[in-house]
Amino acid sequence: MKRTIHGATLELVQGDITLQQVDAIVNAANSRLAGGGGVDGAIHRRGGPDIMEETRQKYPQGCPTGSAVISGAGRLKAKYVIHAVGPVWRGGNQQEAELLASAYRRSLELALEYGCQSVAFPALSTGAYGYPMDQAAQVALHTVRDFLAEHGKPELVRFVLFDERAFRHFADALEELIPEQSPNKG
Ligand code: AR6
């Protein structure tokens, strides 16, 4: 599923983010940049130890929730990994939506700073961090839509959803945000 926004493409696919051939793959990291399960585990397994070595050296303080840092991509088919730290879901009144939006925004800013034309995101915070998928999809897509409307780049922003359920939630949210018949249609 695709939409065009200000000349850039916003795309949803189902799959494994570690297999994406894009300039930057976004990791669902924690604030200590300590590695873990889910996307983080898969990225470090497939990308090899260079990624962790680099983040330890460059970001010994880690990365605050709602922000992101960038490293090389080791053996992944990408130039960079952007380590984004989404919020832990605590019921919805602890600024979760703002923090999630800001993790996406900072990732996109880094992608532009480093000249990335294509970026792949997982559904940040929706695994171990427990963010409800439908609400996370709305925040993620709103934030990327607004960023692309303002900047017209990166050329391609692809959400890589791990399973059918996640894909459905994102597809429904995107259809609501940018209906297929709208003038923004790609
Ligand atoms: N490709 C795409 N999506 C995936 C993949 C994959 N290979 N693997 C899992 N997902 P999570 P979080 C989906 O837990 O909630 C780690 O331990 C998954 O189904 O990776 O932000 C970190 O170290 C879910 O929908 O990230 C942190 O401590 C989504 O990706 C913490 O988990 C995100 O799930 C971060 O938690």
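## Briefing: ligand site and backbone features

In this predicted model, an oxygen atom of the ligand sits 2.9 Å from an N or O atom in the side chain of Asn30. The protein covers 88% of the 700 Å² of accessible area that the ligand has on its own. The ligand takes up the space of the largest pocket.

**Ligand shell**

- The ligand is surrounded by 21 residues. The closest are Val39, Asp40, Ser125, Thr126 and Gly127.
- By class, the shell holds ten nonpolar, nine polar and two charged residues.
- Helix 1, residues 38–47, supplies the largest share of the shell. That share is three residues.

- Ser125 uses its backbone: a polar backbone atom lies 2.8 Å from an oxygen atom of the ligand.
- Thr126 uses its side chain: a polar atom there is 2.7 Å from an oxygen atom of the ligand.

**Ser125 in detail**

- Ser125 belongs to the loop between strand 6 (118–121) and helix 4.
- Its phi is positive, at about 75 degrees, although Ser125 is not a glycine.
- Ser125 has a relative accessible area of 6%, so it is buried. The cut-off for buried is under 20%.
- Ser125 is also one of the closest residues to the ligand.

- Asn27 is part of strand 3, residues 24–28.
- Its relative accessibility is 0%, so Asn27 counts as buried.
- The side chain of Asn27 makes a polar contact of 2.7 Å with the side chain of Asp40.
- A polar contact of 3.3 Å links the side chains of Asn27 and His83.

- Thr18 sits in the loop between strand 2 and strand 3.
- Thr18 counts as buried because its relative accessible area is 3%.
- The side chains of Thr18 and Asp16 form a polar contact of 2.8 Å.
- The side chain of Thr18 also makes a polar contact of 2.9 Å with the side chain of Arg46.

**Other backbone features**

- The peptide bond between Lys153 and Pro154 is cis, with omega of about 5 degrees.
- Pro154 lies in the loop between helix 4 (133–151) and strand 7 (156–161).
- His6 has a positive phi of about 55 degrees, although His6 is not a glycine.
- The loop between strand 1 (2–5) and strand 2 (8–14) contains His6.
- His6 has 52% relative accessibility and therefore counts as exposed. Exposed begins over 50%.

**Helix 5 and the chain end**

- Phe170 is in helix 5, residues 164–177.
- Phe170 is buried because its relative accessible area is 0%.
- Phe170 and Gly62 are 108 residues apart in sequence. Their C-alpha atoms are 29 Å apart in space.
- Leu177 is also found in helix 5.
- Leu177 has 19% relative accessibility, so Leu177 counts as buried. The cut-off is under 20%.
- The C-alpha atoms of Leu177 and Val85 are separated by 24 Å. The two residues are 92 apart along the chain.
- Glu180 lies in the segment after helix 5.
- Glu180 has a relative accessible area of 39%, so Glu180 is partly exposed.
- Glu180 and Met1 are 179 residues apart in sequence. In space, their C-alpha atoms are 9.9 Å apart.

Notes:
Residues are numbered from 1 along each chain as its sequence is written. This is a predicted model: local features need pLDDT of at least 70, side-chain atom pairs count only at pLDDT 80 or more; totals for chains, interfaces and linings use all residues. Side-chain values use heavy atoms; hydrogens and water are left out. A residue is near a molecule or strand if one of its heavy atoms lies within 4 Å of it. A polar contact is a pair of N or O atoms within 3.5 Å; within protein, one must be able to donate a hydrogen and the other to accept it, and residues adjacent in sequence count only if both atoms are side-chain atoms. Accessible areas come from the Shrake-Rupley method with a 1.4 Å probe; for residues, only the protein chains shown count as cover. On a 1 Å grid over the protein atoms alone, a cavity is a set of points where a 1.4 Å probe fits but cannot get out, and a pocket is an open set with protein on both sides within 12 Å along at least five of seven lines; lining residues have an atom within 4 Å of a point. A molecule sits in a cavity or pocket if more than half of its atoms lie within 2 Å of its grid points. Helices (H or I, at least four residues) and strands (E, at least two) are DSSP runs, numbered from the N terminus. Ala, Val, Leu, Ile, Met, Phe, Trp, Tyr, Cys and Pro count as nonpolar, Asp, Glu, Lys and Arg as charged, and the others, Gly among them, as polar. Buried means under 20% relative accessible area, exposed over 50%, partly exposed in between (1.4 Å probe, protein chains only).
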